[in-house]
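Biologist: I have a model open and would like to learn how to read it. Take me through it, beginning with the surface.

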Amino acid sequence: MDCFLALTRFLFFIFTFSLWVVGVVGFSFAIYFIVEYDYLHSTADNYTLSYVSTAVIVFAVLLVVLGFLGCCGTCKDSKWMLYLFAVILSVLLLGEIALSIYCLVERENISDDITHGLEKTAAQYLEDESTVKAWDSMQESLKCCGIDKGPTDWAQYIGAQYIPESCCDGDACSTLVVDCPSDNDQVTAECVPVTSILLTYQEGCATKINDSLKDNFAILAACGIVFAFLQLLGVFSAVHIGSEARKHKAEFA
């Protein structure tokens, strides 16, 4: 029994330390996503991505706290730390299950929100400087153009004669750049003639974003199931080690 408990303590320590590492990595990734892909929040014009990013940050911070409680509780035989670890991990597990169900149910709605959000902000392309920068940054980074049909989407927003310069594939049409026709003198945007359409990215941004989400969804789901199983084992291990620590202290009391 002592050997089994020692092995459980060792594996539990490794598990909790791993939680701490995952929490730090998850927090860093969420912050990186928010900073690096800020244009998605601006151009999609919906709060779904913000909610998901915020949820990831909260879960990451909880994992860091859990890692600390688990490691210290194991080293010091602190039953209150171990029991608190089990309670928080249980709540976290339920939250992850709820978030997973939400993502499953809202998966199609998220795709629709992204498309509708892009349509709404595309209509403001020549009206707001921040919208111009967000769209240009997105099209250059994702190598896409327009919403779902490609370059032709821009005809209804900036006129049938022009396409944003950010749609160009690299420097392919650098010599064709002109100012976009706009009634707002406060907004500066660069365009290229529609005759250079073959030199631009052909895939719409909404299509590219939604395809990327679908491609990664199965991987994320599989990782989530494995992680949830490990968390469940962590709850049982924490309760077991905590109860054994209480018995050990009672024997020497």
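Modeller: Accessible areas here come from the Shrake-Rupley method with a 1.4 Å probe; for residues, only the protein chains shown count as cover. The protein chain exposes about 14300 Å². Carbon and sulfur atoms supply 65% of that area. A caution about the source: this is a predicted model, where local features need pLDDT of at least 70, side-chain atom pairs count only at pLDDT 80 or more, and totals for chains, interfaces and linings use all residues. Residues are numbered from 1 along each chain as its sequence is written, and side-chain values use heavy atoms, with hydrogens and water left out.

Biologist: How many helices and strands does the protein chain have?

Modeller: Helices (H or I, at least four residues) and strands (E, at least two) are DSSP runs, numbered from the N terminus. The protein chain has eight helices and three strands. Along the sequence the pattern runs α-α-α-α-α-α-α-β-β-β-α.

Biologist: In what order do the three strands lie in the sheet?

Modeller: Strands of a sheet pair through backbone hydrogen bonds, either parallel or antiparallel. Two strands count as paired if DSSP finds at least two bridges between them. Here the order is β1-β3-β2, in an open sheet with antiparallel pairing. The edge strands, β1 and β2, each pair on one side only.

Biologist: Which residues stand opposite each other in β3 pairings?

Modeller: Start with β1 (residues 162-164) and β3 (residues 190-193), which pair over three bridges. There, Ile163 faces Val192. Next, β2 (residues 178-179) pairs with β3 over two bridges. Val178 is opposite Cys191, and Asp179 is opposite Glu190.

Biologist: What share of the residues is buried?

Modeller: Buried means under 20% relative accessible area, exposed over 50%, and partly exposed in between (1.4 Å probe, protein chains only). Of the 253 residues, 38% count as buried.

Biologist: How many residues has the largest nonpolar core?

Modeller: A nonpolar core is a set of buried Ala, Val, Leu, Ile, Met, Phe, Trp, Tyr and Cys residues joined through side-chain atoms within 4.5 Å. The largest has 28 residues. Those with the most contacts inside it are Leu118, Tyr125, Trp135, Ile147, Trp154 and Ile158. At least two residues each come from α5 (107-122), α6 (129-142), α7 (155-158), β3 and α8 (205-251). Helix α5 gives the largest share, four residues. A second, separate core has 17 residues, including Phe59, Leu82, Phe85 and Leu89.

Biologist: What is Ile158 in contact with?

Modeller: Contact means heavy atoms within 4.5 Å. Neighbours within four places in sequence aside, Ile158 touches Tyr125, Leu126, Ile163, Pro164, Pro181 and Cys191. For the whole chain, take contacts between residues at least 6 apart in sequence: 75% of them join residues at least 24 apart.

Biologist: Is Thr115 buried or exposed?

Modeller: Thr115 counts as buried because its relative accessibility is 15%. It lies in helix α5. Beyond neighbours within four places in sequence, Thr115 contacts Ile147, Ala206 and Asn210. Thr115 and Asn210 are 95 residues apart along the chain, yet their C-alpha atoms are separated by 8.9 Å.

Biologist: Which residues make the nonpolar surface patch?

Modeller: Patches are made of residues with over 30% relative accessible area and no salt bridge: like charges are joined within 9 Å, nonpolar side chains (Val, Leu, Ile, Met, Phe, Trp, Tyr) within 5 Å. A salt bridge is a side-chain nitrogen of Lys or Arg within 4 Å of a carboxyl oxygen of Asp or Glu. Phe17, Trp20, Val21, Val24 and Val25 make a patch of about 410 Å². Phe17 sits in helix α1 (residues 2-36). With a relative accessible area of 43%, Phe17 is partly exposed.
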